[in-house]
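Reader: I'm new to this one. Could you walk me through how to read it?

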Amino acid sequence: MSGARNISAALRRARIPRPRLAVRPIVAPSQCATALRSFSASSTVRADRQIKYTSDAYPNLKRNPEFGEISVEDVAFFKQLLGSESAVIDGVTTDATDDIEPFNGDWMRKYRGHTKLVLKPGSTEEVSKVLKYCNDRKLAVVPQGGNTGLVGGSVPVFDEIVINTSRMNQIRSFDPASGVLVADAGVILEVADQYLAERDHMFPLDLGAKGSCHIGGNVSTNAGGLRLLRYGSLHGTVLGLEAVLPDGTIVDALSTLRKNNTGYDLKQLFIGSEGTIGMVTAVSIICPPRPKAVNVAYFGLESFEQVQQAYLAAKGQLSEILSAFELMDGRSQGLVIESTGNKHPLEGEYPFYCLVETSGSNSEHDMEKLESFLESVMSDGIVADGVLAQDETQFQALWRWREGITEALSHLGGTYKYDVSIPLSDLYQLVEDCKARLTEMGFVGDDDSFPVRAVVGYGHMGDSNLHLNVSVRQYNKEVEKAIEPWVYEWIQKRNGSISAEHGLGVAKREFIGYSQNETMVNLMKQLKAVYDPNGIMNPYKYI
Amino acid sequence: MASGLRILVPVKRVIDYAIKPRINKAQTGVETTGVKHSLNPFDELSIEEAVRLRERKGPLKVENILALSAGGPKVPDVLRTAMAMGADRAFHIDVPESADGGPEPLTIAKLLRGVVEKENINLVLLGKQAIDGDQGQTGQMLAGLLGWPQANQASKIEIKDESGTVEVTHEVDGGVETLRAKLPMVITTDLRLNEPRYASLPNIMKAKKKPLEKKTLADFGVEDTRRLKTVKVTEPPPRKGGGKVEDVDGLVSKLKELGAL
């Protein structure tokens, strides 16, 4: 139904555009009839829209003339090297536009490249040969996993060859005694977690895109996710990895040791470097035992002050069993209701909601702790109302109120996403300030004449990590200019990070200076030049 | 007749329905130790409906909602949940835990008859079945033992007047059927009846102070006799997984091999 609504909204917009704003409707009116006829699902409108090329959206990005152009001979070489038909999607000698499009664009439909070639090597050796060839020919490449990134890091900008990990999807080994899992880069996170679940362990990382994202991509982007609070970042849990440098060198650092103080810890360079130094092909990671007792409570709170108090109380009283503390503001939950039509778990409406999860090995012990925590936050008036999941279904339903925000926003239109680290006390002020700023400028409103639907905030409270999302009816340069670089300056003043867990990619590349000083950026550039002298690895991004 | 509704809601603690059950090594039943348990989902609907009857403020006031469950030492967990959802008090009928599925439906029906008589109950709301045994008999047996009218798999329950006329709608093949009866009666509940609420924190706190009495089968003159013996429990044969083909040519040759082309 919302599809039809969006279409009519788009039509209305098209007829009476606000003269002041450069409106770019999500659906061009001419496409509406087709959309109505051929689709009925809510995703249709977006599915039919052409995504703007990244090269058009970022006109200051120019194709590096040093890079080679893909030739027919190159394609023949790759076909011969990778053997099977399905390993090469060839848009050079054939018309494979439809097949290549999913690799060219990102899921938010914000970034789109011009690649004509997708390679899916099946082994580390194949990756090595591919990269060596590309390096010799100076062909630029983009390593790509599940393509679930949020900053355009996993899609090409120009004609970079996509090297996709989906055919490298084997779990290599698991040692139940140490809990160390060794797996190929293309293993889907949820598949790895299911595999571990059968062996009473769990993957130390969990995030909304778990059904699609690849663990190689998770490591390359140093994904944070929902349980970082408990299990720490990938810089700690990844014990080793295997990667391929642009010259074809296979870096075998696939250690399964927890402790290894011999020389520079080079594997760390590949964690979070977004494929700009080399391509991760396998990961060795330490996995905790799967908790036997997991509980979830969902709170409604009256102020951000109280959210902070609740967090302190949770840390103090739940301590070692606390596994997630998530913040959602009232507007974000309102948008989930609007998008899903689900009934909200709490009766009243509150400006803030929190989701608290505990994981432990003994349900009686956990329950006792949790109940005394709940009793204290209720009786101290910190929490206004709340619910406790009574069964697995409710457990999952409550989590969906947090995990479903991103999806709900994508159904409602476009979103400007900012993923930031700010000291806890200032965390939500950013949302308030941003909303005030955009409202003052006349962008925010309830009907379709306003480009901005809502300014919402949610995130990983336990990690001081906020997601500031500006939900827009249409992407709009003036709105963007009103937010950027204002938001980065705001964060810089508080010594925060402009990208806590989403990375830099294309979106945040030019803003790295707000969180890293010149010396740091120069050191990074030196490092990049050492390992990737031709600059073929994921160009136009990161630094 | 009735000045108010005195509702009995029998509930059962079962393996959480989102969890995949596994058969124990002895093949005598389902592995229950260390597995997450919760309230039988159909019983959740019964409680919710009882609470809604109270909130709806119909022609008959709800005087009391009694939740009851028979089982081992962890049964009070689900009774607290029932009281957090809105039941006023609860009986825990202490029956030792066993791997064979506990008392049979007839035993439970006789127990419920005893409770109905002692507690002067005039409406029994039960889930249409428990998802562990899937027997779906208790409600019907209870109505038979009491000689009361019964309406099963209810998707809508309405109290029509002060004299205790009840209309129950349930789904039948190709439509719905509406039944009318007078209290006292037995109603079993089905999925479409309502959407159970979450147990809110204030109500979870309150539920701790609500009376939970521990009783035995003998208190109601019932013995745990078994007529059935579970001989063996086995899993269905595993599904044969599909194979993957490398490309279109592989698919075509596979189809030819299977004689589909």
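Reader: How much of the contacts in chain A with a separation of 6 or more comes from residues 24 or more positions apart?

Author: Two residues are in contact if their C-beta atoms, placed from the backbone, lie within 7 Å. In chain A, 72% of the contacts with a separation of 6 or more join residues 24 or more positions apart. Keep in mind that this is a predicted model: local features need pLDDT of at least 70, side-chain atom pairs count only at pLDDT 80 or more, and totals for chains, interfaces and linings use all residues. Residues are numbered from 1 along each chain as its sequence is written, with chains lettered from A and ligands numbered from 1 in the order in which they are written.

Reader: What share of chain A is buried?

Author: A residue is buried if 20 or more other C-beta atoms, placed from the backbone, lie within 10 Å of its own. Here that covers 51% of the 543 residues in chain A.

Reader: And how many helices and strands does chain A have?

Author: Helices (H or I, at least four residues) and strands (E, at least two) are DSSP runs, numbered from the N terminus. Chain A has 20 helices and 16 strands.

Reader: Which elements of chain A give two or more residues to the side that touches chain B?

Author: The contact takes 19 residues from each of chain A and chain B. On the chain A side, those elements are helix H15 (363–379), strand E13 (385–388) and helix H16 (392–412). E13(A) gives the most, with four residues.

Reader: In which sense does E13(A) pair with strand E11 of chain B?

Author: Strands pair if DSSP finds at least two bridges between them. E13(A) and E11(B), residues 199–200, pair in the antiparallel sense over two bridges. A:Val387 has B:Ser200 as its bridge partner.

How values were computed
Buried ≥ 20, exposed ≤ 12 C-beta atoms within 10 Å, placed from the backbone.
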